[in-house]
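This briefing covers cores, sheet, salt bridges, helix packing and backbone exceptions for the structure shown below.

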Amino acid sequence: MMLELRTDPDRIALPTPHFPTRMQAVVWRNWGLVPIKRLASVLGASAKQIKEVASGLGLEMSATGNEEIWLKRGYITIIRANWHLLPFGQLLELLGWTEAQLAFTLKEDDFLWIKLGSFKPWTEPVRYRPLSAEEQELTRQIRETVAGLPDLRRAGTASGTGTAPGIGTVPGARLEKPFAFLDYGRKPDMRHPVQYREPAPGEIRMDIPWTIEAPDATPILESALERFATRHEQVWGTKWIVRRSFGRAPGAPANPVVRIEIAADASAGSEDHAVIVEEDRITIRAAAETGIMRGLQWIAGQTGQGRVPYLMAGTYTRTTKFDLRIIYSYSAVYGDPLLTPESDPYPEDLLERLSEAGVNGIWLQSVLYNLVPLNGLPKEMSADWEKRIAGLRLLAARAAKYGIGVYLYCNEPRSMPLSFFADKPDWQGHAEDGYATMCTSHPEVQAMLRDGISRLFGEVPELAGLFTITMSENWTHCYSRAVNGITNCPRCAQRRPGEVAAEVNGIIAEGAFRVKPDARILCWTWGWASGWGWTEKEIEFAIEKLPDNVIVMATSEEAIPTSVAGVRGQVADYSMSVVGPGDKSLRSWQAAQARGLRTAAKVQFNNTWECSAVPFLPVFQLIEEHLGRLKESGVTGLMLSWTLGGYPSLNLALAADYYWETDSHARPSIRERMEDKFGSAAGRAIADASAAFAGAFRQFPFDLAVLYFAPQNFGPANLLHLNPTGFEATMIGYPYDDLKSWRGIYSAAQFAGQFKKLAGGWKKGLRLLEAAGEKLSPGSERAYDELMTAATAAYLHFYSTFLQIDFVRTREKYATARSLSVRLKACRRLIDIARAEAGNAGQLHDLVCRDSRIGFEASNHYYYTVQDLREKTLNCRGVIEALQNIERQLTEL
């Protein structure tokens with residue numbers, strides 16, 4: 001129903017003038033993403049004919065063979081690629097989906113319908129047909145252009161012709177297929193070089209056989225000991241023995257001993273631990289097995305960090321400063337991952353890497369009626385709930401071995417179509433656009449929600465907790481998306497927004513606590529903002545009304561005032577360029593702490609929508625500054641990411657230093673950490689490069705519109721258009737050429753100026769980082785490769801954004817110019833921009849070919865493919881040729 005109603009015949013799909021036919025555009029964009037036979041069926045052709053079309057365009061069979069994983073994990077990329085090409089019927093056939101599947105994905109997969117613009121452009125069905133002679137000639141030109149592009153998959157090397165520093169200079173460049181990052185953790189660790197310095201006075205050798213003496217272990221400790229011994233042997237080539245008793249057995253080697261001691265201590269946190277390092281003995285002491293695991297990880301980190309197998313003698317006592325550290329999977333399928341075990345959102349290797357990065361919680365999106373049947377709802381709405389519950393139980397058990405709890409994102413109760421309320425009209429609350437909320441002021445709705453949460457924890461007692469969003473996002477209670485705090489629900493209109501939101505949190509918490517009293521329920525103040533009718537007093541009122549034992553979480557940098565290019569604004573959503581916490585979050589935490597509630601900060605330490613196409617932004621100084629401020633705020637929990645930012649990166653490793661309080665050992669500086677990891681000379685240069693990145697990133701023209709609509713997440717993949725498209729940019733979906741939406745609160749000149757400053761400053765950091773590559777210590781090449789690739793890709797995105805802004809502005813100057821000289825100058829500038837953009841696309845293409853993480857984000861899948869970047873080259877070629885024709889005409893006047 002929704003799909004039929006939302007197709008808009010008055011909004012015609014974008015043309016593809018750089019392809020002779022739309023049929024060729026369909027083959028191009030889906031080559032390697034969709035099986036050839038299915039593509040042939042969609043277009044009404046044979047597989048042989050589709051191969052001939054592909055061959056004519058210069059596409060190779062070597063790019064195919066990865067289609068199954070694209071359909072499972074990259075379907076959003078496929079939908080986005082075809083949204084302007086195919087009508088719904090052909091799109092469904094291409095995906096192999098039913099209309100109901102597509103409708104569910106558009107609604108529940110992180111607001112995909114909104115990201116696509118909340119409408120489907122009209123397009124005629126696309127069918128195969130033989131090419132005309134003219135089309136064949138144009139196709140030959142495309143084939144020649146493609147033949148001139150670097151093909152790393154075939155050549156096995158990186159191009160060194162790019163203009164951005166670092167392109168082609170990264171040592172050990174690897175070639176990867178899309179989604180290859182799923183197997184990163186399965187690769188064995190590189191063994192450290194055999195030649196390392198002799199131990200200094202007081203250092204204890206760890207590259208000799210030791211015996212670990214441990215008590216009888218549960219699966220958590222058993223797994224931790226096995227992982228530690230296995231990893232130590234892989235890295236240092238020395239086998240350690242694990243013995244389930246104390247004291248040397250008769251005939252056993254007289255190895256030095258690591259003794260594991262677990263002693264109950266109600267005053268200690270579950271992860272707190274002490275490590276006592278002596279000449280022939282190391283004691284790891286904790287109150288719980290997770291504390292022992294963290295002690296083992298600390299030992300592994302200390303030896304790996306300095307790349308020498310030595311520990312300095314001494315006593316190291318570590319207590320948790322932030323005892324809750326939750327993150328989202330870098331690679332999870334957002335919509336319904338528990339129903340498809342083959343799309344495991346948290347494979348074992350990812351759990352292990354996240355645990356080593358200090359994470360102790362992971363989260364998943366959920367819809368309650370998908371997990372358990374709810375009283376009053378049709379049973380078919382909970383189809384396959386038993387499978388999802390089984391998947392959740394399995395995930396919780398696997399994660400527990402790594403000291404990680406599982407949390408669910410709870411945005412409940414979900415709204416329903418008006419027809420749902422035909423037999424229960426009293427349940428209907430706020431109504432809008434054919435949907436209505438189930439009014440949470442009604443006792444029966446309250447009981448349904450409370451009992452559903454209780455049943456969830458009863459079915460999965462291992463579930464660690466939930467975090468709630470009660471404003472914005474989906475329609476849930478009657479104020480959840482009521483603009484300016486005005487609802488048309490007659491019951492809730494008599495109540496305050498804060499009262500209703502607090503009550504929903506209370507119902508959820510009550511349902512959890514009556515089954516699992518120690519469940520952690522995080523009440524996120526996301527959306528408690530003026531646009532939804534919230535004042536500071538309303539926030540304080542709601543916090544006062546929250547139940548005991550919940551955790552109040554606020555977005556750290558929310559509402560911080562900004563002044564970029566002299567324009568005043570404030571932070572909404574997330575930012576790394578603006579460092580939190582701000583006054584609003586501090587006031588929320590203080591209000592919660594005053595009534596005895598624990599507090600948590602929602603942060604982003606890897607990336608944000610400021611640039612989410614790279615796994616991390618190496619702005620170490622900004623992260624350090626943020627953590628230092630949070631340490632003084634009294635918060636004890638961190639939610640480390642939304643759907644973006646979950647990669648176990650160098651950023652997270654640096655942040656982990658702040659999760660612990662130690663007795664006497666100072667926290668290493670960024671420079672010291674970089675020197676330990678990359679060597680003294682390279683480490684200093686890398687620290688300086690990061691400082692340059694951090695300084696440049698502060699120039700980001702922050703505004704919510706910029707985050708959602710500007711092209712910095714798509715970078716060079718966003719096409720250039722000689723004529724205005726007339727389309728409005730969509731939320732992290734299609735930037736189009738909509739400069740007015742891109743720039744938000746900034747003028748066009750201010751907006752262009754800020755991205756120019758950002759790109760220029762970032763480029764200076766790249767030069768420093770590139771120079772560091774010549775001074776690396778042996779064994780640090782792979783980490784440097786990751787750092788260089790992420791930094792270079794970020795630069796290409798920022799620089800491309802500036803060029804696209806400049807292109808649209810110059811296009812407007814050309815169109816409105818009255819003098820021939822102004823028009824000619826604008827024409828030539830447009831040609832220069834298109835050439836630079838073609839170069840950016842080529843350089844990013846090189847990076848994508850050798851690093852499968854570039855361009856990927858969990859809730860948007862791949863922002864672009866190799867084919868998209870090659871298409872940008874064709875697009876620029878067509879733009880340049882058209883402009884050169886105009887240039888000739890202008891010079892002849």
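In which loop is Leu131 found? Leu131 sits in the loop between strand 2 (120-122) and helix 10 (133-147); helices (H or I, at least four residues) and strands (E, at least two) are DSSP runs, numbered from the N terminus. This is a predicted model, in which local features need pLDDT of at least 70 and side-chain atom pairs count only at pLDDT 80 or more, while totals for chains, interfaces and linings use all residues. Residues are numbered from 1 along each chain as its sequence is written, and side-chain values use heavy atoms, with hydrogens and water left out.

**Leu131**

- Leu131 counts as partly exposed because its relative accessibility is 25%; buried means under 20% relative accessible area, exposed over 50%, and partly exposed in between (1.4 Å probe, protein chains only).
- Leaving aside residues up to four places away in sequence, Leu131 touches Thr21, Met23, Gln24, Gln136 and Thr139, where contact means heavy atoms within 4.5 Å.
- From Leu131 to Ile886 there are 755 residues in sequence and 28 Å in space, C-alpha to C-alpha.

**Nonpolar cores**

- The largest nonpolar core has 198 residues, and Ile362, Trp363, Leu466, Trp642, Phe697, Trp762 and Phe798 touch the most other members. Such a core is a set of buried Ala, Val, Leu, Ile, Met, Phe, Trp, Tyr and Cys residues joined through side-chain atoms within 4.5 Å.
- Helix 28 (residues 781-816) contributes the largest share of this core, 16 residues.
- Another core, of 58 residues, lies apart from it, and its members include Leu33, Leu57, Phe181 and Tyr736.

- An open sheet of 7 strands runs in the order 5-4-6-8-7-10-24, with mixed pairing; two strands pair if DSSP finds at least two bridges between them.
- Strand 5 (241-243) and strand 24 (660-662) are at the edges with a single partner strand each, so one side of each has no neighbour in the sheet.
- On average, neighbouring strands of this sheet are turned by 20 degrees against each other, direction ignored. Axes are lines fitted to C-alpha atoms, for helices over the stretch in contact, and angles run from 0 to 180 degrees between N-to-C directions.
- Strand 4 (residues 211-213) pairs with strand 5 in the parallel sense over 3 bridges, and Glu213 has Arg243 in strand 5 as its bridge partner.

**Salt bridges**

- The whole structure holds 49 salt bridges, each being a side-chain nitrogen of Lys or Arg within 4 Å of a carboxyl oxygen of Asp or Glu.
- Glu213 and Arg243 also belong to a salt-bridge network that links them with Arg259, Glu261 and Arg285.
- In the salt bridge of Arg294 with Glu271, the closest N and O atoms are 3.0 Å apart. Arg294 is in helix 13 (residues 289-306) and Glu271 in the loop between strand 6 (257-262) and strand 7 (273-277), 23 residues apart; both residues are buried.
- Lys401 forms a salt bridge with Glu348, with the closest N and O atoms 4.0 Å apart. Lys401 lies in the loop between helix 16 (385-400) and strand 13 (405-410), and Glu348 in helix 14 (residues 348-356), 53 residues apart.
- Lys401 is partly exposed at 26% relative accessibility, and Glu348 is partly exposed at 28%.
- Glu536 forms a salt bridge with Arg587, the closest N and O atoms being 3.2 Å apart. Glu536 is in helix 19 (residues 536-545) and Arg587 in helix 20 (residues 583-594), 51 residues apart.

**Helix packing**

- Helix 17 (residues 443-459) packs against helix 18 (residues 497-513) at an angle of about 40 degrees, with the axes 7 Å apart.
- Residues of helix 17 in this contact include Leu449, Ile453 and Phe457, and those of helix 18 include Val504, Ile507 and Ala512.

**Backbone exceptions**

- Most residues other than glycine have a negative phi, and most peptide bonds are trans.
- The Glu412 to Pro413 peptide bond is cis, with omega near -10 degrees, and Pro413 is in the loop between strand 13 and strand 14 (416-417).
- Gly580 and Pro581 are also joined by a cis peptide bond, with omega about 0 degrees.
- Phe111 is not a glycine, yet has a positive phi of about 60 degrees; Phe111 is buried, at a relative accessible area of 16%.
- Glu473, also not a glycine, has a positive phi of about 50 degrees and is buried, at a relative accessible area of 14%.
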